[in-house]
Amino acid sequence: MYFQYGDTEINYLKRKDKKLALAIEQIGHIERKLDANLFAAVVRHIVGQQISSKAQATVWARLEARLKDVTPFTVYAASAEELQGLGMSLRKAEYIKDFADRIVGGEFDLQAVEQMSDAEAIAALSSLKGIGKWTAEMILLFCLQRPDILSYDDLAIQRGLRMLYHHRKITRELFAKYQKRYSPCGSTAAIYLWAIAGGAIEGMKDYAPSKKAKKNKGSIPFSAATQNK
């Protein structure tokens, strides 16, 4: 199952932004897989934090083999130590256990999240241990298929914006400009920005200052720095 977008979203973005329109033409249609099970999506994101995709897949396969079906009740029945033994840290195991315990105990209504606005859903998911705003936004996009998710905290999206528009830095103010321009099709724009950041268009480079340039920046006299603005 893939994130659903089509001519309506593509034509809207093309009308709004000529540079993005050209990139979309060059890249073509992109298929991004979905994780339709909301509980499993949250657990998978916790498992995958700060580890490679390959390591995440390995731990997830062990989790499925151990629990058979990853649900609030099967996780609730397991101990944090059992989950840790599958290859995750004890802290992650405790986060996952807390999530399942809160659902089984009636403290967290996961189904209600599906009916919330984007802001409400992000706030609700971010209240869970181990879930930050970026993770909540990714869950909204790749699980709930919300159409207007463009995350400032996503470094690849910032990279895609720098590459497409030749920016050296993406400030919150600059990001807000693009977010407003792409809305209400921010999720589709995000998918293309990820592709751009990943090298989908040959010859397109990242305009962020190099580490060497950043290191030397402090030695530039104030007058010279201001003259170049």
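A salt bridge is a side-chain nitrogen of Lys or Arg within 4 Å of a carboxyl oxygen of Asp or Glu. By this rule, the count here comes to eight salt bridges. The model is predicted, so to speak of local features a pLDDT of at least 70 is needed, and side-chain atom pairs count only at pLDDT 80 or more. Residues are numbered from 1 along each chain, and side-chain values use heavy atoms, leaving out hydrogens and water.

Let's start with Arg66 and Glu82, whose closest N and O atoms are 2.3 Å apart in a salt bridge. Arg66 sits in helix α4 (residues 53–67) and Glu82 in helix α6 (residues 80–84), 16 residues apart; helices here are DSSP runs of H or I with at least four residues, numbered from the N terminus. Arg66 has 39% relative accessibility and therefore counts as partly exposed (buried means under 20% relative accessible area, exposed over 50%, partly exposed in between, with a 1.4 Å probe and protein chains only).

Next, find Asp206 and Arg162, which meet in a salt bridge at 2.7 Å, N to O. Asp206 lies in the loop between α13 (186–197) and α14 (211–216) and Arg162 in helix α11, so the pair ties together parts 44 residues apart in sequence. Arg162 is buried, at 14%, while Asp206 is partly exposed, at 22%. Shared partners join Arg159, Arg162 and Asp206 into one network of salt bridges.

Finally, look at Arg146 and Asp118, another salt bridge at 2.7 Å, N to O. Arg146 belongs to the loop between α10 and α11 (155–165), and Asp118 to helix α9, 28 residues apart. Arg146 is buried, at 11%, whereas Asp118 is partly exposed, at 25%.

Key: Helix = DSSP H or I, 4+ residues; strand = E, 2+ residues; numbered from the N terminus.
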